Amino acid sequence: MKILTSFDELRTIQANIVYALGTFDGIHLGHQTVIGRAVDMAHTCEAVTVVVTFDAHPLSILAPQKVPPQLLQREHRPEILEALGVDYMLELPMNADLLSIAASDFLVYLTQGVTVRGIVVGENFTFGKGGIGTPALIRDTLEPKGINVTVMRLEGHEAVPGHVSSTYIRGAIARGDVALVRTLLGRAYRFTGTVIMGDQRGRTLGFSTLNFLFPKEMALPADGVYVNRVCIDGEWFGGVGNMGDNPTFANQYHRFEVHLFDFDRDVYGATATVEFLQFLRGEVKFSSLDELITQMKIDEQQAREYLASMD
């Protein structure tokens, strides 16, 4: 998949185009429905699929204090879109100039100098200055020009009331319901970060850990113990992790730490990707180290059993 960052780059595409338009901030099941329809349409009319999105949320310009936590780090988006069969991602830089473009002009920029065969959007998609652009405007403007405009209903799921939404998924993350989140995203909730130096107390307890500062821009999982998978240098390891400030000990700070099974390497400073698979329990302040170690052994056993059940 190729990444484009401007309308000028878009006009270098010589093939027929089918667009999927949206913020696609989490690429959850609802977003995947829109993108999947565009991919199918492109195959039907011998076109390429172009996902049009933005490098930041519009609120980052309009009201920075109201920017919602992210469900997906920007660096993960290309690999997910490529796996969905997308050919190009037009990732427009979010700035005041972009937000000042009138909705009608935005459609001109998308269609001028290229051959567009179709556009797929969700029924709640808005665009252009003041957010006045709607699917109805797209349809009224472009269908008379022979461009197929498909407006998708919002995707429902038996596990949620109403439709799948980024807002609902953020709430599930905050509750620690990462199993539900995995269902609604179609993949495990994850982050990529740098392994930092911890207090090395885990080694003395027999449970050495990798420590991370959780990315501040990401939706924060509830404090507690999780079943995790961690990828380091292209290799995946199972583990049991803790989100929180480790209240059994004094002078702690909020972080995520994970004990990996069958792993004994010095990886301080390395980049790793962490997946959250299952919530095991909330964070607890133990009255003694022996009580803590006993519970950690239980946590490890439960995590190993869960990971084995996934094989």
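The model is predicted. The protein chain has 311 residues, and 49% of them count as buried. Its secondary structure comes to 11 helices and 12 strands. The C-alpha atoms fill a box of roughly 75 × 40 × 40 Å along the principal axes. Among contacts with a separation of 6 or more, 73% join residues 24 or more positions apart.

The protein chain exposes about 14,700 Å². Carbon and sulfur atoms supply 49% of that area. Charged side chains number 26 positive and 37 negative. The centres of these two sets lie 4 Å apart.

**Strand S3 and its partners**

Strand S3 spans residues 47–54. This strand is mostly covered, with 8 of its 8 residues buried. S3 pairs with S2 (residues 16–21) and with S4 (residues 88–92).

| Strand pair | Sense | Bridges |
|---|---|---|
| S2 and S3 | parallel | 6 bridges |
| S3 and S4 | parallel | 5 bridges |

Individual residues mark both pairings. Ile-17 stands opposite Val-48 in S3. Val-52 has Leu-90 in S4 as its bridge partner.

**Thr-111**

Helix H6 covers residues 103–111 and includes Thr-111. Is this residue buried or exposed? Thr-111 counts as buried because its relative accessibility is 17%, under the 20% cut-off. Leaving out residues up to four places away in sequence, Thr-111 touches Val-116, Leu-142 and Ile-147.

Terms used: Residues are numbered from 1 along each chain as its sequence is written. This is a predicted model: local features need pLDDT of at least 70, side-chain atom pairs count only at pLDDT 80 or more; totals for chains, interfaces and linings use all residues. Side-chain values use heavy atoms; hydrogens and water are left out. Helices (H or I, at least four residues) and strands (E, at least two) are DSSP runs, numbered from the N terminus. Buried means under 20% relative accessible area, exposed over 50%, partly exposed in between (1.4 Å probe, protein chains only). Contact means heavy atoms within 4.5 Å. Accessible areas come from the Shrake-Rupley method with a 1.4 Å probe; for residues, only the protein chains shown count as cover. Lys and Arg count as positive and Asp and Glu as negative; His and the chain ends are not counted. The place of a charge is taken as NZ of Lys, CZ of Arg, CG of Asp or CD of Glu. Two strands pair if DSSP finds at least two bridges between them.
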